[in-house]
Number of protein chains: 2
Amino acid sequence: MGDPGVKPLRVELGERSYPIRFAADGLRGLPEAVGRVLPPGPLAIVTNARVGRLYLPPVRDGLRARGFAPLVVTVPDGERAKTLRVAESVIGRMLAAGLDRTSAVVALGGGVVGDLAGFVAAIFLRGVPYVQAPTTLLAQVDSSVGGKTGVNHARGKNLIGAFYQPVLVYADLSTLRTLAPRELRAGMAEVIKYGVIRDERLFARLEREMPRLLAADAAALAPIVRRCCEIKAEVVAADEREGGLRAMLNFGHTFGHAIEVLTRYRRYKHGEAVAMGMGIAARISRRLGHCDTATVQRIERLVSRAGLPVKPPRFRRDAWRRAVMADKKRRADKIHFVAVTRIGQVRIEKIALADLVAALDREGESR
Amino acid sequence: MGDPGVKPLRVELGERSYPIRFAADGLRGLPEAVGRVLPPGPLAIVTNARVGRLYLPPVRDGLRARGFAPLVVTVPDGERAKTLRVAESVIGRMLAAGLDRTSAVVALGGGVVGDLAGFVAAIFLRGVPYVQAPTTLLAQVDSSVGGKTGVNHARGKNLIGAFYQPVLVYADLSTLRTLAPRELRAGMAEVIKYGVIRDERLFARLEREMPRLLAADAAALAPIVRRCCEIKAEVVAADEREGGLRAMLNFGHTFGHAIEVLTRYRRYKHGEAVAMGMGIAARISRRLGHCDTATVQRIERLVSRAGLPVKPPRFRRDAWRRAVMADKKRRADKIHFVAVTRIGQVRIEKIALADLVAALDREGESR
């Protein structure tokens, strides 16, 4: 199936607007799509060994055939590639190959490659255009859309970066068939999140189609991924730099992040931590009176059906509290909490720190 | 003199617009000006040892008195501070001190501090606001205005960076009294450039007032510096990312840059290289028939009166050619040359590479 049967989207950001295209042909259509948004010229394809082995030949050869001069830069797998040092070495490779301001970058891979390559594009000669070609579900529905780029610092993840929009996102659903099942499930956490925060119909569809989706059925995935991108694009268009609305995308993420920190990013994938974080956020929403029990149960059930954990392990109460509050310390005694009110709707609530702490403690006891 | 008697300017860039304020009171007015554009909160003052010794106390204490919580980060003197490694360590200091997204950066120093601190602001937590407080003539009339930030790469200067606008530029003329005379003269090269490219009256005023300006007379400097900022602001507002008009700011810079490269950035200050570069550009403009001899002589004379070199040393012809062409290699057989047509006016000319090479060779012979 070359055409997944879903139309492109457009992220509306004035002169920084860009299309999101969908395909299902092993990235064979990427070169043509790149040719539509960039004039032929020098170009760096940033990828990792695993993705490169699977998809590089048609991409590189197709770009060459269209008059591009691709330089392939392979970066290490996983989070350890997301450092300033790796960014500098990618830039060094680009400079050594003579790439200049007329060059561009193609990020071919998952979230790590996208974040890193996007950041390299943002700072190479003060910025060159880049294309996101996400090959994981998480990257397709989340990190490739919205222009957040960056690397980690020894003191934490994503602490160095830029808001820098791509000129094209090219999401090929067929690449999800080569994704490890655990990665696919982890990405599903973000998909479920979009249903919870913005679209009851999407949520209901996930309830019906989860088995087909987990089987990486491109025809089933295509409209789902498209709808997630659409929601993200809407939110980002309304709030590019996270002043207000964009915060709703963080539903479950404060708790998820705390779980990742307390387990040192080793035990869980980001999506798994977010899945548990959504469970916590839903239960606290109910305790604070924002939603009913049925809503919480529907969320928990769908998360479980995606093969994701709903309840976090037991942490020491004070460590847990501290980890949850770490993000929030500057906001004094009130914090912003993304509360679910019903499936498809959230509200950003300013709540007293003491109330959240009390709810968190009761959450701990209920486990 | 606390008030230099010149009005603030505004760089018009839509929602990224910002004021340029002028003062002459040893930076005592900076805290109040910062308070006008930023809410009180955590803030990093990036400076170097020399500038910090002279100006830090009133700035830091004044910011504290206004409710800011300043962290002082001192970086090494000179170009060696402009690396990703130093940027990362500044970011590490900021994170260790608990600075977050509500923080800001104040760049207190010359062009190196401004470029580095502006870049840190651009990439710290994907961008926080920053203030430029330039303390050299070069930084006041050039690098602090326009949003070019960045660091060097082992392969060359300013190869890593971002276009990222400050929220305020605060140019205190009195700081130029503590500037080394050679630094002041070097900055004067860029001042002369503004006269050549855009303002015959400014040029004529420089011809009349050079001795007072070189004596760092703040009253004489204020309207001059303001006018240079105004020209730069106009050009930047019309062309933020150097698509066309902004190229005129590079008058003399291609040759200046080649001189810097061939002398390994050691023999000349940037402004001195630009001074010689303007001489070359003027003489080539005449040879190519764009201006008359009187124009060239006026430029050469003013450059000399500023205590700056007009003619470069003799380089080996092929090394010289290669250095000049290095920037241009991608533009095939035509290159863009900023030609002076008369004092106050330049034109960007597409000329054949062969013609430039011939003119360059004759330039070499005339020395």
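A residue is called buried here if 20 or more other C-beta atoms lie within 10 Å of its own, exposed if 12 or fewer, and partly exposed in between, with C-beta atoms placed from the backbone. These legends describe a predicted model, in which local features need pLDDT of at least 70 and side-chain atom pairs count only at pLDDT 80 or more, while totals for chains, interfaces and linings use all residues. Residues are numbered from 1 along each chain as its sequence is written, and chains are lettered from A and ligands numbered from 1 in the order in which they are written.

View 1. Leu184(B) belongs to helix H6 (residues 181-198) of chain B; helices (H or I, at least four residues) and strands (E, at least two) are DSSP runs, numbered from the N terminus. Leu184(B) counts as buried because 22 other C-beta atoms lie within 10 Å. Leaving aside residues up to four places away in sequence, Leu184(B) touches Leu137(B), Leu176(B), Leu179(B), Leu214(B) and Ala216(B). Two residues are in contact if their C-beta atoms, placed from the backbone, lie within 7 Å.

**View 2. Gln140(B) in helix H5.** Here we turn to helix H5 (residues 137-143) of chain B, where Gln140(B) is found. Is Gln140(B) buried or exposed? Gln140(B) is buried, with 33 other C-beta atoms within 10 Å. Beyond residues up to four places away in sequence, Gln140(B) touches Pro134(B), Ala171(B) and Val225(B). The C-alpha atoms of Gln140(B) and Ile20(B) are separated by 9.8 Å, although the two are 120 residues apart along the chain.

**View 3. The seven-stranded sheet of chain A.** This open sheet has the strand order E1-E2-E9-E6-E5-E3-E4 in chain A, with mixed pairing; two strands pair if DSSP finds at least two bridges between them. Its edge strands, each pairing on one side only, are E1 (9-11) and E4 (69-75) of chain A. On average, neighbouring strands of the sheet are turned by 20° against each other, direction ignored. For these angles, axes are lines fitted to C-alpha atoms, for helices over the stretch in contact, and angles run from 0 to 180 degrees between N-to-C directions. Helix H8 (residues 218-238) of chain A lies across E1, E2 (18-23) and E9 (168-172) of chain A, and runs at about 20° to E1(A).

View 4. Strand E3 (residues 42-48) of chain A runs parallel to strand E5 (residues 104-109) of chain A, and five bridges join them. Val46(A) stands opposite Ala107(A) of E5(A). E3(A) also runs parallel to E4(A), joined by seven bridges, and Thr47(A) has Thr74(A) as its bridge partner in E4(A). Helix H2 (residues 49-65) of chain A lies across E3, E4 and E5 of chain A, at about 160° to E3(A). Together, E3(A), H2(A) and E4(A) make a right-handed β-α-β unit. A crossover is right-handed if, with the strands pointing away from the viewer, the path from the first strand over the helix to the second runs clockwise.

View 5. Leu30(A), Pro31(A), Ala33(A) and Val34(A) are buried in helix H1 (residues 30-37) of chain A. These residues cover an arc of only 160° around the axis, so they are on the same side of H1(A); the arc is that of the directions from the helix axis to the C-beta atoms. The buried residues of H1(A) pack against E2, H2, E5, E6 (130-134) and E9 of chain A. In helix H2 of chain A we find Arg64(A), whose C-alpha atom is 8.6 Å from that of Pro31(A), 33 residues apart along the chain. Arg64(A) counts as partly exposed because it has 14 C-beta neighbours inside 10 Å.

**View 6. Two loop residues with positive phi.** Most residues other than glycine have a negative phi. Leu125(A), in the loop between H4 and E6 of chain A, has a positive phi near 50°. Leu125(A) is buried, with 21 other C-beta atoms within 10 Å. Arg264(B) has a positive phi of about 55° and sits in the loop between helix H9 (253-262) and helix H10 (270-287) of chain B. With 7 C-beta neighbours inside 10 Å, Arg264(B) counts as exposed.
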